[in-house]
Amino acid sequence: MGVVASPSPVASLLFMVTTLASTAGIFVLLEAHFLAAVQIMVYAGAIMVLFLFVIMLLNLGHEYQRDIRGKVAMIIGFAVTGFMGGLLVLQLGSGTAGLETSLGPGDAIDAALLEKGAVGAIAHPLFTDYVVPFELTGILLLVAIVGALVLAKKAS
Amino acid sequence: MARSCLPRRRPDVLAESLVVAGLIFVIGTLGVIVRRNVIIMFLCIELQLNAVNLTFVAFSRYVGIEGQIFVFFVIAVAAAEAAVGLAIIISIFRHYETVNVNNFNLLKW
């Protein structure tokens, strides 16, 4: 909540890092240890530092101008989020009790984790069944690097 | 194997994770709509992606490992998107000297 509410971008960013770290903790509870590590390193480490660099570079750290939108956008925003929250309450309030049992015992992950370990359980299907999307992700990252350089360099 | 000998009492946190993910998503949506600072709008989009990741992981424990693989891809795409978006923000800031979206109307109509 502090991400939205705090006036300073740096404070907002630090709240975001807290949120990401807590999400990594929930990943550990859900037995996704590899993703928890990736979340800490890539998200809370790399991406947030990138945001912090940009905030410092643009020298926004100490201007507390009020940047909440006007009344109409506030009304629209709270209406949309209220609608989404209402749907959420309707969906989750009625039938969460039987959700775990209706989805099966949850042993699908355990067998793979015990057999191959936390990293191997993800890496094996990633490099066999999903190798084409994996390589496409690499190409996407390359394109993003080149595009970011072209966009951010000074016009000569 | 020592690990399999342990009595494994796994906490069932699926419903709680879904509630938390929904809350994070709603907060992110509110931030995108209400705030005017481009960087904070970007942060809120990342927050939404994070909520979706949480949902994927919560269900992947019961359905299969594919959810976690998808989360891996989502993290990679989010990194690429953050890099390109921040580059765009820097180039806009060089031009307009502000990060307030009210002043960007080049692509509006």
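This passage describes the fold of two chains, the contact between them, and the confidence of the model. The structure is a predicted model, and the predictor gives the complex an ipTM of 0.79 and a pTM of 0.81.

Helices come first. Chain A has seven helices and zero strands, so its pattern along the sequence reads α-α-α-α-α-α-α. Chain B has four helices and, again, zero strands, with the pattern α-α-α-α. In chain A, 19% of the 156 residues count as buried, while in chain B buried residues make up 48% of the 109 residues. As for contacts between residues at least 6 apart in sequence, 44% of those in chain A join residues at least 24 apart; for chain B the figure is 45%.

H3(B) and H4(B) pack with their axes 8 Å apart, at an angle of about 175°. Because angles over 145 degrees count as roughly antiparallel, H3(B) is roughly antiparallel to H4(B). On the H3(B) side, the residues that make this contact include Val38(B), Ile39(B), Phe42(B), Leu49(B), Phe56(B) and Val57(B). H4(B) contributes, among others, Gly67(B), Gln68(B), Phe70(B), Val71(B), Ala78(B) and Ile89(B). Sorted by type, the residues of the contact of H3(B) with H4(B) are 15 nonpolar, five polar and two charged.

The two chains also meet each other. Their contact takes 67 residues from chain A and 58 residues from chain B. On the chain B side, at least two residues come from each of helix H1 (2-5), helix H2 (14-34), helix H3 (38-63) and helix H4 (66-96). H4(B) supplies the largest share of that side, with 20 residues. The side of chain B that touches chain A divides into 42 nonpolar, 11 polar and five charged residues.

In soluble globular proteins, nonpolar side chains tend to be buried together. The largest nonpolar core here holds 52 residues, and those that touch the most other members are Ile39(B), Leu43(B) and Val57(B). The largest share of the core, 13 residues, is that of H3(B). Val57(B) illustrates the arrangement well. Leaving aside residues up to four places away in sequence, Val57(B) touches Phe27(A), Leu30(A), Ala32(A) and Leu35(A) in chain A, as well as Gly67(B), Gln68(B) and Val71(B) in chain B.

Chain A averages a pLDDT of 77, and 74% of its residues score at least 70. Among the elements of chain A, H7(A) has the highest mean pLDDT (89), and helix H5 (residues 99-102) the lowest (59). Chain B averages a pLDDT of 78, with 79% of the residues at 70 or above. In chain B, H3(B) has the highest mean, at 87, and H1(B) the lowest, at 46. Over residues 1-7 of chain B, pLDDT stays under 50, and the model has two contacts beyond four places in sequence for this stretch. Where pLDDT is low, the predicted coordinates should not be read in detail.

Technical notes:
Residues are numbered from 1 along each chain as its sequence is written. Chains are lettered from A and ligands numbered from 1 in the order in which they are written. This is a predicted model: local features need pLDDT of at least 70, side-chain atom pairs count only at pLDDT 80 or more; totals for chains, interfaces and linings use all residues. Two residues are in contact if their C-beta atoms, placed from the backbone, lie within 7 Å. Ala, Val, Leu, Ile, Met, Phe, Trp, Tyr, Cys and Pro count as nonpolar, Asp, Glu, Lys and Arg as charged, and the others, Gly among them, as polar. A nonpolar core is a set of buried Ala, Val, Leu, Ile, Met, Phe, Trp, Tyr and Cys residues joined through C-beta atoms within 7 Å. A residue is buried if 20 or more other C-beta atoms lie within 10 Å of its own, exposed if 12 or fewer, and partly exposed in between; C-beta atoms are placed from the backbone. Axes are lines fitted to C-alpha atoms, for helices over the stretch in contact, and angles run from 0 to 180 degrees between N-to-C directions. Angles under 35 degrees count as roughly parallel, over 145 as roughly antiparallel, 65 to 115 as roughly perpendicular and the rest as oblique. pLDDT is the predictor's confidence in each residue, from 0 to 100.
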